[in-house]
2 protein chains.
Amino acid sequence: MDTQFINILGLIAGTLTTIAFLPQLFKTWKSKSAKDVSLVMMITFSVGIFLWIIYGIAIGAMPIIVTNAVTLVLALMILVLKIRYR
Amino acid sequence: MDTQFINILGLIAGTLTTIAFLPQLFKTWKSKSAKDVSLVMMITFSVGIFLWIIYGIAIGAMPIIVTNAVTLVLALMILVLKIRYR
């Protein structure tokens with residue numbers, strides 16, 4: 001596979017695993033209900049994403065920093081709604 | 001930061017963002033309820049994780065392949081439970 005194709009593949013993968021949290025955020029916001037969403041998942045995932053950002057900074061990989069920064073914002077918003085709507 | 005520390009950081013980040021799905025899987029399995037979990041999130045996320053595996057194979061990065069393969073199995077299990085328990 002040529003490099004450009006591989007980079008595009010990584011960009012699409014990163015975009016999908018980032019925007020995936022938008023429908024959850026929207027659903028929780030609309031339904032005001034988060035009973036079935038695991039609080040432990042959201043906390044563990046957020047800590048993991050935060051470490052990915054530190055990792056991205058450490059190796060100077062902008063795509064890792066940017067995609068995970070957006071994911072962290074979305075994950076933290078879901079976490080806040082989860083705590084609010086239990 | 002030295003390379004070994006950075007590799008450990010990536011390993012911890014990858015482990016956390018992978019095992020994060022275990023509490024959600026366990027909660028959905030136990031409660032038999034997934035109303036608040038977004039189906040679109042789980043589908044989008046699973047497709048993204050699948051592409052990360054292809055990306056990992058393309059660049060020959062075993063950590064990306066392994067962590068995302070485990071994540072994909074967990075995400076697909078949650079997806080199946082979501083469809084079953086709506």
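The buried residues of H4(B) pack against H1, H2 and H3 of chain B. Here contact means heavy atoms within 4.5 Å, and buried means under 20% relative accessible area, with exposed over 50% and partly exposed in between (1.4 Å probe, protein chains only). Helices (H or I, at least four residues) and strands (E, at least two) are DSSP runs, numbered from the N terminus.

This is a predicted model, in which local features need pLDDT of at least 70 and side-chain atom pairs count only at pLDDT 80 or more, while totals for chains, interfaces and linings use all residues. Residues are numbered from 1 along each chain as its sequence is written, chains are lettered from A and ligands numbered from 1 in the order in which they are written, and side-chain values use heavy atoms, with hydrogens and water left out.

**Helix H4 of chain B**

- The buried residues of H4(B) include Ile65(B), Leu72(B), Ala75(B), Ile78(B), Leu79(B) and Tyr85(B).
- An α-helix has 3.6 residues a turn, so residues three or four places apart point the same way.
- H4(B) covers residues 62–85, and its 24 residues should span 34 Å at 1.5 Å a residue; the end C-alpha atoms are 34 Å apart, which agrees. The expected span is 1.5 Å times one less than the number of residues.
- After H4(B) comes Arg86(B), which has a positive phi near 35°.

**Where chain B meets chain A**

- In the interface, 34 residues of chain B are in contact with 34 residues of chain A.
- The two chains bury about 3,100 Å² between them, and carbon and sulfur atoms give 77% of this area. Buried area is the accessible area (1.4 Å probe) that two parts lose on being put together, summed over both.
- Leu9(B), Asp36(B) and Met41(B) supply 19% of the area that chain B buries against chain A, more than any other three residues.
- On the side of chain B that touches chain A, the elements giving two or more residues are H1 (3–19), H2 (21–31) and H3 (39–59) of chain B.
- H3(B) gives the most to this side, with 13 residues.
- By type, this side of chain B has 23 nonpolar, eight polar and three charged residues. Ala, Val, Leu, Ile, Met, Phe, Trp, Tyr, Cys and Pro count as nonpolar, Asp, Glu, Lys and Arg as charged, and the others, Gly among them, as polar.

**Salt bridges**

- A salt bridge is a side-chain nitrogen of Lys or Arg within 4 Å of a carboxyl oxygen of Asp or Glu.
- In chain A, Lys35(A) forms a salt bridge with Asp36(A), with the closest N and O atoms 2.9 Å apart. Lys35(A) is partly exposed at 46% relative accessible area, whereas Asp36(A) is buried at 2%.
- In chain B, Lys35(B) forms a salt bridge with Asp36(B), also with the closest N and O atoms 2.9 Å apart. Lys35(B) is partly exposed at 46%, whereas Asp36(B) is buried at 2%.

**Positive phi in the loops**

- Lys32(A) is not a glycine, yet its phi is positive, about 55°. Lys32(A) sits in the loop between H2 and H3 of chain A and is partly exposed at 44% relative accessibility.
- Lys32(B) also has a positive phi of about 55° without being a glycine. Its place is the loop between H2 and H3 of chain B, and Lys32(B) is partly exposed at 43%.
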